[in-house]
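Please examine the sequence and the three-dimensional model below before reading on. The explanation then moves from the whole chain to individual residues.

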Amino acid sequence: MNRISGDKELQKRIRAGKITQEDVTRRLAELAFGKANDCVRLALEEKPKVGRLDLSLLSEVRRNDKGTVEVKLIDRLQALEQLAAVTGEKPEELEEFLQALSGGGACT
């Protein structure tokens, strides 16, 4: 199944209220490991074609009168924590992994 038809099937399940565990897991993985290229493109291009951009990682955009742009993305660590919770990873191992990702804790 290609991505477009997969997205259409997902939209049907959402409207019907029949989202599966697999849907949730896949979406969390996309958020945790997705690329922010289109979010950067939105901030840098003069007239981006917003309808063609994947802005799913975008949390907030601010542009002031001086032209400064601030782009805020979703919290990937939180997405990883939730992904681990739905996939049944061991909490101790996950905690060590997340601590290492955020720059805390000592490596052994």
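Residues are numbered from 1 along each chain as its sequence is written, and side-chain values use heavy atoms, with hydrogens and water left out.

The protein chain contains five helices and two strands. Here helices (H or I, at least four residues) and strands (E, at least two) are DSSP runs, numbered from the N terminus. Read from the N terminus on, the order of the elements is α-α-α-β-β-α-α. The chain has 108 residues, of which 18% are buried. A residue is called buried under 20% relative accessible area, exposed over 50%, and partly exposed in between (1.4 Å probe, protein chains only). A contact means heavy atoms within 4.5 Å. Of the contacts between residues at least 6 apart in sequence, 38% join residues at least 24 apart.

How confident is the predictor in each residue? This is expressed by pLDDT, on a scale from 0 to 100. The protein chain averages 82, and 81% of the residues score at least 70. Confidence is highest in strand β2 (residues 69-73), with a mean of 91, and lowest in helix α5 (residues 91-101), with a mean of 68. Where pLDDT is low, the predicted coordinates should not be read in detail.

The two strands may be considered next. Strand β1 (residues 58-63) and β2 run antiparallel and are joined by five bridges; two strands pair if DSSP finds at least two bridges between them. Five residues lie between the strands of this hairpin, in which Gly67 takes a positive phi near 95 degrees. Val61 has Val71 of β2 as its bridge partner, and Glu60 stands opposite Lys72 in β2. Val71 is partly exposed, with a relative accessible area of 32%. Apart from its neighbours within four places in sequence, Val71 is in contact with Cys39, Ala43, Leu58 and Glu60. Although Val71 and Glu60 are eleven residues apart along the chain, their C-alpha atoms are separated by 5.9 Å.

Charged side chains give another view of the model. Side chains of opposite charge can pair when their charged atoms come close. A salt bridge is defined as a side-chain nitrogen of Lys or Arg within 4 Å of a carboxyl oxygen of Asp or Glu. How many salt bridges does a search of the whole structure find? The search finds eight.

One of them joins Asp23 and Arg13, whose closest N and O atoms are 2.5 Å apart. Asp23 lies in helix α2 (residues 21-33) and Arg13 in helix α1 (residues 3-16), so this pair ties together parts that are ten residues apart in sequence. Asp23 counts as buried, at 6% relative accessibility, whereas Arg13 counts as partly exposed, at 24%.

Another salt bridge links Glu30 and Arg27, at 3.0 Å from N to O. These residues are three apart in helix α2, which means that about one helical turn separates Glu30 and Arg27. Glu30 is partly exposed at 27% relative accessibility, and Arg27 is partly exposed at 33%.

A further salt bridge is formed by Arg41 and Glu45, with the closest N and O atoms 3.2 Å apart. Arg41 is partly exposed, at 37%, and Glu45 is partly exposed, at 35%. Salt bridges that share partners also join Arg13, Glu22, Asp23 and Arg26 into one network.

Finally, which residues form a nonpolar patch on the surface? Ile14, Ile19 and Val24 do so, with about 240 Å² of accessible area together. Patches are made of residues with over 30% relative accessible area and no salt bridge; like charges are joined within 9 Å, and nonpolar side chains (Val, Leu, Ile, Met, Phe, Trp, Tyr) within 5 Å. Ile14 is located in helix α1 and counts as partly exposed, at 40% relative accessibility.

Definitions and conventions: Predicted model: local features only at pLDDT ≥ 70, side-chain atom pairs only at ≥ 80, totals over all residues. pLDDT = per-residue confidence, 0-100. Areas by Shrake-Rupley, 256 points an atom, 1.4 Å probe, with all protein chains shown as cover.
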